[in-house]
Amino acid sequence: MGRILMVVAAVVVGFVVLGWLVSLLGTLLKWALIAGLVVLAVGGVSRLVRARRA
């Protein structure tokens, strides 16, 4: 009985850790996409400004 409870507890902890890692990776991906969009927008605006000057 004790071993079964230990296995169940280990599985539950494993799922909790896995969920935390997936959530962390999702958050990092979201911020990377936001940063990429900002960089693309700044690059596009600077290219437009430079083209209008010339």
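A surface patch is a set of residues with over 30% relative accessible area and no salt bridge, in which nonpolar side chains are joined within 5 Å. The model examined here is predicted. In this model, one nonpolar patch is formed by V13, V17, W20, L21, L24, L25 and L28.

The relative accessible area of L25 is 58%. Exposed means over 50%, so L25 counts as exposed.

The overall fold is simple to describe. The protein has 1 helix and 0 strands. Its radius of gyration is 23 Å, whereas the globule rule gives 10 Å for 54 residues; the protein is therefore more spread out than a compact globule. Along the principal axes, the C-alpha atoms fill a box of roughly 80 × 5 × 5 Å.

L48 also lies in helix α1. With a relative accessible area of 54%, L48 is exposed because this value is over the 50% cut-off.

Of the 54 residues, 0% count as buried. The accessible surface of the protein comes to about 5100 Å². Carbon and sulfur atoms account for 80% of that surface.

Definitions and conventions:
Residues numbered from 1 in each chain as written. Predicted model: local features only at pLDDT ≥ 70, side-chain atom pairs only at ≥ 80, totals over all residues. Heavy atoms only, no water. Patch = residues over 30% accessible without salt bridge, like charges linked within 9 Å, V, L, I, M, F, W, Y side chains within 5 Å. Areas by Shrake-Rupley, 256 points an atom, 1.4 Å probe, with all protein chains shown as cover. Salt bridge = Lys/Arg side-chain N within 4 Å of Asp/Glu carboxyl O. Buried < 20%, exposed > 50% of the residue type's maximum accessible area, 1.4 Å probe, protein only. Helix = DSSP H or I, 4+ residues; strand = E, 2+ residues; numbered from the N terminus. Rg over C-alpha atoms; globule rule 2.2 N^0.38 Å.
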